[in-house]
Every structure is written in structure tokens, then in C-alpha cells.
Amino acid sequence: MRYELKTLREKLGPVELTLETIADLDRAIDSLCEGVDEKSAERIFVEELCPYFGVVWPAARALGEHVARMGSWLKDQRILEVGCGLAIPSLVAAKLGARVTASDFHPEVPVFLARNQRHNELTFPYLHLDWRASQNNLGKFDFVIGSDVLYENSHPKDVARTLSSYCEKKGHIILADPGRSYLQAFLDELQGFGFRYDILIRNVLDGHNDRAGDRRTKEVFVISCTSQS
Ligand SMILES: C[S@@+](CC[C@H](N)C(=O)[O-])C[C@H]1O[C@@H](n2cnc3c(N)ncnc32)[C@H](O)[C@@H]1O
């Protein structure tokens, strides 16, 4: 799929990134769905391919800033990001010397990731990981992270199971969420897997538009979880 693109500079705490993104998400979705009947079987397939990965979501800014402020603590730590989209937190963690693996299920994510790694002179592995069917054959990580990955009914269960299955016994899960209605269900699932959590709120720039002078902010919940066992 060909999208109109734009390149941005994002400052996340002390870390600055150059990011190639989709210029207008709504327009990209419209052109993807153009001519596809709403009731057809093809529509379900097309909806799965909606390019939500390609823009800077407020939750990614919040998690990116959170990771940036962890600083040298992250050096050599093993980090897995799920549903990474543009992989902003992964890029930040890699800048700080962490051993990062980014993952998503959308076939175009690795294309954007490769470009954004180049823009920021970074390299780290990418993995196709669909949290609906995830079986851990990768081992465990010190940090398993994700931002804005709780937006469908099935996500709390699938995401909690996947995050906890990749998290080292004494490791951490960090998830950023813009206050979506499935957040509490996710926290309940995680508690069921034996994790306890702390929540802090970060105020970040809202939306993915960068109209001059638009400085609206949004509260994002950043949840840090550790295993009780
Ligand atoms: C709202 S976007 C957030 C992207 C990125 N984490 C951010 O905050 O900018 C949701 C992401 O979850 C990914 N995703 C959706 N369903 C998934 C699944 N079943 N397995 C893995 N990733 C999935 C999408 O491809 C997309 O990149």
C-alpha cells in the first residue's frame, strides 16, 4: 500500500528521534477501504490491515518519555515491545543501550521500522508476533512493554497473557494507555497472572496532528507491573 508520508522530529525526555510516519491516518484508511463493500468477507480482511501502526499516538509519546527517563538503568537490559507500530519506545530504549526486540502483526510495520532505524542510526531485531496466537519460543525479557494496545474486546486477555509469558520472573511489564475502556479488564487479567501494578499519569501532546500552534495535551496512564511470585 502506498501512503502519503511525512517526517517528524519527536523529543522524548532527553532523547530526540526522526520518524517517518503516515501523513494522514483517516485518509490512509479511506483509501484502503475504498470500493470494499462493508458487508463483504473482504472487509474483515481489510479492517485487519488498517494502518494504525503508522502514526504517533499519545501513549507512544508517554511510554517513550517514560523509557527515556529510565536512562542508563536500561543499558544491556533485554526489552520486548509488542504491538510496536512506529516503535518509538523501542527506538528510545535502543538509543540508551538496551537490547531491544520490537514486534507487531501488521505486515508493513517492519518496512517503517527499517526506515526509522536508519534515520536514527540504530539496528535491532524485529519479530512478527500476533498476540492472538502467541507462543513463547523466544525466551524471557527484563522488560516487556507496549503502548495503546487495548482497543478491542479481546485485547485485555490476549495482551495480558502475551506480556506475562515473555516477562522474566523478576522482570517488569510497562504499558501506556490513553484511558481506553478495556484498561481495567487488562489490569484484572494481569493480577490473575500474579502481577501487582503502580500507575502514574503523564501529560503528553495529543493526537498525531502537528498543526502549528496546536498544543493540546492528553493524560496517559503508565502502568508498571512486577510479578508477586
Ligand atoms: C493503536 S496502534 C499503537 C501502535 C504503537 N504501540 C503506538 O502506541 O504508537 C495498535 C498497534 O497494535 C498492533 N496490533 C493490533 N492487533 C495486534 C495483534 N493481534 N498482535 C500484534 N499486534 C497487534 C497494530 O498493528 C498497531 O501497530
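**Exercise 1.** How many helices and how many strands are there in the protein?

*Solution.* The structure is a predicted model, in which local features need pLDDT of at least 70 and side-chain atom pairs count only at pLDDT 80 or more, while totals for chains, interfaces and linings use all residues. Residues are numbered from 1 along each chain as its sequence is written. Counting DSSP runs (H or I of at least four residues for helices, E of at least two for strands, numbered from the N terminus) gives seven helices and nine strands. The radius of gyration, taken over C-alpha atoms, is 17 Å, close to the 17 Å that the globule rule (2.2 Å times the number of residues to the power 0.38) gives for 229 residues, so the protein is as compact as a globular protein of that length.

**Exercise 2.** Determine whether helix H4 is covered or open, and inspect what follows the helix.

*Solution.* A residue is buried if 20 or more other C-beta atoms, placed from the backbone, lie within 10 Å of its own. By this criterion 40% of the 229 residues of the protein are buried. In H4, which spans residues 88–95, eight of eight residues are buried, among them Ile88, Pro89 and Lys95. Just after H4, Gly97 adopts a positive phi of about 90°.

Definitions and conventions. A residue is buried if 20 or more other C-beta atoms lie within 10 Å of its own, exposed if 12 or fewer, and partly exposed in between; C-beta atoms are placed from the backbone.
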